[in-house]
Amino acid sequence: MRHWIQCGLVAVALLVALPANANGYDTNWYYEVDKKSVWQGDLTARLKAIEGVFEGQLGVYVQNLVSGEAYSWRADDPWYLASLIKIPVAAQVLAERQAGRLSLDERLTLTRSDFVDGAGPTNWHDPGTPISIRYLMEQMITVSDNTATDMLIDRVGLEAVNQRAHVMIAASGGNPGEIGPISKLVGVRQGVYGELHPDARELGGMDFIALRQHPVSQRGQALARTLGVSMESFTQPDYDHAFDAYEATGENVGTLSAFGDLLASLHPVQQRGAMGDLDDEQRQTLLAVMQRTSSGKRRLKAGLGSGISFAHKTGTQQRRSCDAGIAERANAETATQGPWVIVTCTRGPEAVSAHERALASVGEALRYSGALGKPW
């Protein structure tokens with residue numbers, strides 16, 4: 001996928017500065033230079049206003065998969081992707097299905113060591129329960145079930161998941177080096193609490209479920225009791241700083257433009273057979289599950305309104321939220337009106353509700369700026 005963040009204002013300045021035939025150049029050269037569409041300036045102004053109210057930072061990437069026109073607002077900065085990484089997990093599951101190495105009806109046995117804190121109904125089942133891969137994948141995507149995710153990663157292999165993410169990005173012409181290593185969800189907990197004290201890296205999912213019962217402000221004390229150490233031995237002052245330090249390791253971190261490339265590989269208009277081991281049937285299966293996502297109703301979808309179809313995945317972590325997917329308009333007037341890849345992340349305030357309001361406002365900004373075609 002060719003990225004072209006247009007440089008129209010620079011081109012206009014150069015056009016004014018140069019005479020019509022300076023150095024043999026004709027004024028027609030301007031029309032051979034990628035230009036910004038009018039909506040890009042409008043969207044920039046709207047995002048600045050949203051950040052002013054949000055009191056945090058936004059990252060936004062949007063690309064029309066037909067025309068190639070793209071827009072970036074901090075999209076080339078590193079962002080914590082949170083549960084967005086579950087999309088390549090699902091893609092690898094479906095690639096294994098295509099290869100005949102698994103069936104969606106295959107059942108995995110839930111064990112006590114599989115339990116991870118976070119949303120999702122998998123934790124409601126007793127250890128020893130056989131659960132189908134189909135069910136696990138549905139819960140992983142639609143409600144961001146962490147236990148389901150780790151069970152699927154164990155089934156297909158973490159190395160294969162990371163390779164899948166790289167292949168998907170490369171299939172769209174992106175740089176796989178712009179996304180860090182993907183980890184299991186229990187590994188995220190081990191990494192974050194491990195920044196407070198290294199012994200926390202030996203804890204398991206049930207330990208982290210117990211720690212999550214405490215408010216964020218008290219988790220340091222709870223961890224100290226669990227490990228039998230004093231808080232004076234901690235290497236970070238609190239949970240917030242520990243999460244910042246964990247994010248700095250690069251795990252589950254990437255640019256929004258690279259993740260946009262990953263998403264684009266799922267759509268037929270962009271794919272064109274670049275991933276032979278993930279055919280149209282498997283990609284359509286994943287997009288259909290993403291259409292059923294029920295988490296994040298107050299995020300981008302709230303701002304985009306009913307005039308658009310959005311196959312997406314959300315992500316939420318400490319002071320961080322994301323929403324990303326492929327948007328299509330049912331009433332598109334021309335072939336250039338989509339589909340669009342949209343990737344958004346936020347960081348800053350503690351309240352998830354503040355992030356959701358900001359993401360809903362981004363949805364409105366995309367809608368009314370004309371970024372997704374004629375406003376509706």
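Modeller: This is a predicted model, where local features need pLDDT of at least 70, side-chain atom pairs count only at pLDDT 80 or more, and totals for chains, interfaces and linings use all residues. Residues are numbered from 1 along each chain as its sequence is written, and side-chain values use heavy atoms, without hydrogens and water.

Colleague: What makes S7 (residues 308–317) and S8 a pair?

Modeller: Pairing needs at least two bridges found by DSSP. S7 and S8 have ten, in the antiparallel sense, so they pair. Ile308 stands opposite Arg329 in S8. Two residues lie between the strands of this hairpin, and Arg319 takes a positive phi near 60 degrees.

Colleague: How do you know that S8 also pairs with S9 (residues 340–347)?

Modeller: By the bridge count again: eight, antiparallel. Cys322 stands opposite Cys345 in S9.

Colleague: Which residues make the contact of helices H7 and H10?

Modeller: H7 (residues 185–196) and H10 (residues 239–247) have axes that come within 8 Å. Contact means heavy atoms within 4.5 Å. Among the residues making it are Gly187 and Val188 of H7 and Tyr239 and Phe243 of H10.

Conventions. Helix = DSSP H or I, 4+ residues; strand = E, 2+ residues; numbered from the N terminus. Axes fitted to C-alpha atoms, helices over the stretch in contact; angles between N-to-C directions.
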